[in-house]
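Q: Could we go through this structure together, one topic at a time?

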Amino acid sequence: MFSYQGAIVALVTPMEENGDISWESLFTLIDRQIEGGIDGIVVVGTTGESATIDVSEHIQIIEKSVKHADKRVPIIAGTGANSTKEAVFLTTAAKEAGADAVLLVTPYYNKPTQEGLFQHYLTIANEVNINQILYNVPGRTACDLKPPTVAKLSSHDNIIGLKEATPDISRLKQLLEQVSAAQTGDFLLFSGDDFTSSEFMMKGGHGTISVTANIVPGLISALTKASLKQNNKVEAQRIHELLLPLNNSLFVESNPIPVKWAMSRLGVIPSGIRLPLTKLDNKFVT
């Protein structure tokens, strides 16, 4: 069972100026995250530009990341799609590549009902035997995976958790109550919102899947450790306040535009990003 509490990075996909994937930079990023104390790495998620990466590249990124990480930390592969058939295909490929788990974003654009979401995730869970984390980010997908639907899905052995990328902490209380009532095993709840992740963890969440960790993996690791220890609220609040200016800067435009710009300025990755995403507007550059 893939079960732990901790800090997970939603890793960018480094690209050259012409948009080609920079494999050496990817390997350097993985090493940097591990050295910074991160507990797990999500590849080819939203921050990893999954929407602009073709299927062959998608699978290559998973394969190469799994191989380079070499079991030092779990690799979680983004394999969600707005087509159930495509999600099953990508999830199968991730399993064959040796990924430890997959992250499955809600189907975007086509706006399924709650029953449609239930059947979508149930199909993937039934067809592919791998640890699966649901991913709810209604601000990007125009689709909201509601707590009762999560609770129904939580009883499936392959569905082990949820990334909840909303700033509404009251949603966590609903999830804790309804999932707890639906099943007896561990079900992991991860924050997907860097601004509220500390509060999310202090109120019962199990970890964070963080964009900001791309820049400061050590600080996100420290924030997570402090937040998960109820007697360390002072330290958690200190780190939270320290991170606020950085968090504000990393979301002035659509993710991952700002974080890739910042990492490029730091010399960690090349400056490439793929259309329709563009480089950070000069008005935000100081």
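Predicted model: local features only at pLDDT ≥ 70, side-chain atom pairs only at ≥ 80, totals over all residues.

Q: At what angle do helix 1 and helix 2 cross?

A: The axes of helix 1 (residues 23-35) and helix 2 (residues 55-69) cross at roughly 45° and come within 10 Å. Helices here are DSSP runs of H or I with at least four residues, strands are E runs of at least two, and both are numbered from the N terminus. Axes are lines fitted to C-alpha atoms, for helices over the stretch in contact, and angles run from 0 to 180 degrees between N-to-C directions.

Q: Which word describes how helix 1 and helix 2 lie to each other?

A: The two helices are therefore oblique to each other; angles under 35 degrees count as roughly parallel, over 145 as roughly antiparallel, 65 to 115 as roughly perpendicular and the rest as oblique.

Q: And which residues meet there?

A: Helix 1 brings Trp23, Leu26, Phe27, Ile30 and Asp31, which meet Gln60, Ile61, Lys64, Ser65, His68 and Ala69 of helix 2. Contact means heavy atoms within 4.5 Å.

Q: New topic: how many residues are in the largest nonpolar core?

A: That core has 66 residues, and those with the most contacts inside it are Leu11, Ile41, Val43, Ile62, Leu162 and Met263. Helix 4 (residues 114-127) gives the most to this core, with five residues. A nonpolar core is a set of buried Ala, Val, Leu, Ile, Met, Phe, Trp, Tyr and Cys residues joined through side-chain atoms within 4.5 Å.

Q: What does leucine 162 contact?

A: Leaving aside neighbours within four places in sequence, leucine 162 is in contact with several residues, including Ile133, Leu145, Val150 and Phe187.

Q: Is valine 128 buried or exposed?

A: Valine 128 has 2% relative accessibility, so it counts as buried; buried means under 20% relative accessible area, exposed over 50%, partly exposed in between (1.4 Å probe, protein chains only). Valine 128 sits in the loop between helix 4 and strand 5 (131-136). Not counting residues up to four places away in sequence, valine 128 touches Val88, Thr91, Thr92, Lys95 and Asn158.

Q: And where is histidine 240?

A: Histidine 240 is part of helix 10 (residues 233-249). Its relative accessibility is 16%, so histidine 240 counts as buried.

Technical notes. Residues numbered from 1 in each chain as written. Heavy atoms only, no water.
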